[in-house]
Amino acid sequence: MSLFSGACVAVLVAAAAPSSALAADPVVSVALPAGPVQKSLVALATQADVKILFETELVAGLNAPALQGRFTAREAAERLVSGSRISVQQVRPGVLVLRPLRVGLGADDGGQETTSSALTIADGGQNEATLVEEVVVGSHIRGVKDSASPVVLMSRDEIDRAGYASVADALTDLPQAFGGTYSEDSSSTGADTIGANAGRGTGVNLRGLGANATLVLVDGRRMAGAGSRGDFADVSAIPMIALERVEILLDGASALYGSDAVGGVVNVRLRKDLDGGEFRASGGVATEGGYSRYQFGQALGKRWSTGHVMAAYEYYHHSELTALDRPYVGYADLRPLGGTDRRRNTYSQPGNILRLNAAGSYVPAYAILAGQDGVGLKPSDFVAGSMNFENQRASFWVLPKQSRHSLIAAISQDLGDAVTLSADARIGRRDYTSVSSAPLTNLTVTKANPYYVSPTGLASERIAYSFMNEAGGLVIDGHTESLALSLGADVRLPDGWAGNVYGAYAQELSFAPQSNLLNTTFLNEAAALAADSPLTSFSAARDGYFNPFRGTGSNPKAVLDFILSGRDVTKQRGETNSVNLALDGPLLDLPGGPLRLALGGQARREGLRTGGWTWTSGYAPTARASRIYHRTVTSAYAELNAPFVSAVNARPGLQRLELSLAGRFEHYDDAGSTANPKVGVIWGPTKDLNVKLSWGTSFRGPSLPELAAPYNISPTLIPYNGGNVPVLFYSGGNPDLKPETARSWATTLDFTPHQVPGLKLSGTLYETRFKNRIASPALDNIVNALTSTELTPFVSFVNPAANAADLARVTALVNDPHGVQTTFYDISTYRAIIEARPVNTGSLMVRGLDFQGSYATTLLGDPLSFDGSLSWLMHYKRRVTPTSTVVELAGMAGYPADLRVRASANWTHGVLGVTAGLNYLGDTHAVETGRQIKPWTTADLQVRLSPKTGVLGRAGINWSLSVQNVFDADPPFYDNPLAIGYDPTNADPIGRTVSLQLTKAW
């Protein structure tokens, strides 16, 4: 039984008992005229006999539509505030709470999230009271209204209205996010140059600082690491049906959250207020063809006066998108689009005979003739200087085929008045199939091969040959499994203090078997370079010889099955265990309110286990040495909030003045210690304007493989002197790595003019300076490793054919027990040794401006809202090594675009709702040539229907029809050296997608 299936049974059994007791919220008759939201909410509370809690300022100036019919209280309240960026949550039976959607980010590791701000209680009477301990987020300290750092929040309704099918899609489309190498198409497009995301997961890369420099939490808990380095969180595992909202902190925050919080923090909040059930199903298709998706899910929840329970399951599937489904992706000859012919001119079928040029590089010297079967060729059939080309992109799937199962369960229970126990579990499995590059061989053929011929009468010839036409690409049928468990307690202490303690466990398993690989030992036997072996059932004389001189057709199936029977399996398990303690409460009274303190600590154990086997040579699989890495991380933090001026002692020109201080010390038993402070100031000169300043330092600890992975020595061919030369490169870990460090500041202006009710504007100027970055510069840019002056410190040129010392050095590396296929090339032909192990090197400076705005009004008496978000990247300056030149990369292809904009409008008219969105990507430029890449504008549209009667209608049913990229705008053309016609780090090739979704709540 797999991890997923076994855990599913346990969670479903645990959830079965309370689910049978679920009771639907009562449906009541509601008759409300159009008018101010506050007045409508009070009337609704009377008619539905419920309490509705909200801040008066939250609904000030807002108008509600007329509402008549039968609804649950929550349904009615949601319709009254629809389009106003206000969420409605049921905290217990008969009690609804209204909250603003733009809030701060909650604390990592179980930070407390309650406030003592006054709330209006609509309870059918005319009196107003206050409620303490209401939930907000933004600090480890309860009672903090908001933080000095910029924050973006997306509710589940907003994600639905934008037409996104998953949490991952919504997060990667943020204007402040960058696709980079942590998207499911990064391996197939070549954007992931180091194979960090071979499992096709989806990470969040805020500010372009790296997905490993963006901390992702689920309800304040860390996720286990994904990818070959275990250094990013795969957000594709989070189910939409269990989502409450997503909070994105756009600032360095290691003083609060610890390692990885350099670019920012993403905190995914799961539903806790479900009292009933919800079913959802959706399907979508790309109108250009080649891609489709569907999903369905079920959530059940029950609340009672002292606790709640919730369980949710979701299944998601999308088909593959092959490169040939999109002309600008599947054809390497980009000349018809205005680009370059980037077809491969070395490996092909028919193949090319290679010779060394004067500089010692292998170059095509003779093309094997097309249109002939490889039998009876004569030297005179070859033309010197000719070469064959191949469309190497034809075998790729741009997007893998993926299926995902997700299961979540959570429960909480009060034990008396002082203690609340809670537990939750998340389980997921993701299966994927991808197809990549065709198997290739650089084969030395001799006269022993019955099809052998040499254009110049040599005894052997080196042939570059591709199996694309005969076998397609390499295939990975892999899966990942995730598990997260936590158990905790909230304790209410005397004098307004509170404590939280919890333990958490998270695990990420990956299994990636690769097939259709070349077994070089079997190839040598089939090509008559080695005698038939008694260890195999293959006989070249009986089953056929491999013929590399074919110009059409295919080698016999028995031959191909034999030589392409290579397999490779990688296994990985990442784990995180932690114990966490947090305390907070008031110390003393200041003029503007209580001075509050939070203290906490964490002990965390991280582990990574790798293994597998490979069979790309020899007569039996070779086991990969199982590697087990562990480390312990301990930390302690303190946070202070001092409200010097607030509404109780405000004066002209000084309505608010608040100071926050935080600091965290973290110790790694393998990489040393780090201490990080953070300072925040909020100044409100008027009731309409708040000025927020924040400054702090952050860090990212090196991942376990970056520190401890054993070194390997591998060969590859890379361009040099007009051809390709064999090189040897080191890979593995570096135990001397230190944490990456960063300094960040942000200045934010929040403006809510009372003269224009419903208008909210916010602008943030920010900067992050990231240094001691951990990287493998030569491996990241392996194609230019021998020609780039920036990479000179990592390259050692050798000439073993002419220098005895070089020959001895290369021979030692070839015979090193850590070598992998180092005998693939002749020792005398190696031209360089490349150091590709990670080092602390280089730096990055990012500076930019974010702007967000929203406006809520009415149209025909019904709510109409506008939202906009803009991210302008002023600088993205990178230095590869401490001595290299600083290069400006903002707005360059393969790097974050310098301008991204998203705007939307939402109108709700009775049972009908419409959302229109506009997305804009500014023009970028090719790094290689400076050539402009045009801007990209796409439009989205969604129509929603919530009929109460008729064939499509029933209480709680909602239909939505979404069209993304309405005008089917292709990504702007980029003559990409990766042999595709667009920039995959800033655009996607799916095109217009039409989807239909049904939800039913009760």
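The buried residues of helix α16 pack against β36 (712-720), β37 (723-731) and β42 (832-835), where contact means heavy atoms within 4.5 Å and where helices (H or I, at least four residues) and strands (E, at least two) are DSSP runs numbered from the N terminus. The model is a predicted one, in which local features need pLDDT of at least 70 and side-chain atom pairs count only at pLDDT 80 or more, while totals for chains, interfaces and linings use all residues. Residues are numbered from 1 along each chain as its sequence is written, and side-chain values use heavy atoms, with hydrogens and water left out.

Within α16 (residues 804-814), the buried residues are D806, V810, L813 and V814, buried being under 20% relative accessible area, exposed over 50% and partly exposed in between (1.4 Å probe, protein chains only). Seen down the axis of α16, these residues fall within an arc of 100 degrees, so they line one face of the helix; the arc is that of the directions from the helix axis to the C-beta atoms. The face turned away from that buried side carries the exposed residues A804 and A805. At the N-terminal end, α16 is capped by N803, of which a side-chain oxygen lies 2.9 Å from the backbone nitrogen of A805.

L32 counts as buried because its relative accessibility is 6%. Leaving aside neighbours within four places in sequence, L32 is in contact with S40, A43, L44, Q47, A66, L67 and L80. The C-alpha atoms of L32 and L80 are separated by 9.6 Å, although these residues are 48 places apart along the chain.

Two packed helices are described by the angle between their axes and the distance between the axes. For α2 (residues 37-48) and α4 (residues 73-80), the axes come within 11 Å and cross at roughly 170 degrees, the axes being lines fitted to C-alpha atoms over the stretch in contact, with angles running from 0 to 180 degrees between N-to-C directions. The two helices are therefore roughly antiparallel to each other (angles under 35 degrees count as roughly parallel, over 145 as roughly antiparallel, 65 to 115 as roughly perpendicular and the rest as oblique). On the α2 side, V37, S40, L41, L44 and A48 meet A73, A76, A77 and L80 of α4.

Finally, S147 has its place in the loop between β10 (134-135) and β11 (151-155), and S147 counts as buried at 16% relative accessibility.

Terms used. Polar contact = N/O pair within 3.5 Å; in protein donor to acceptor, adjacent residues only side chain to side chain.
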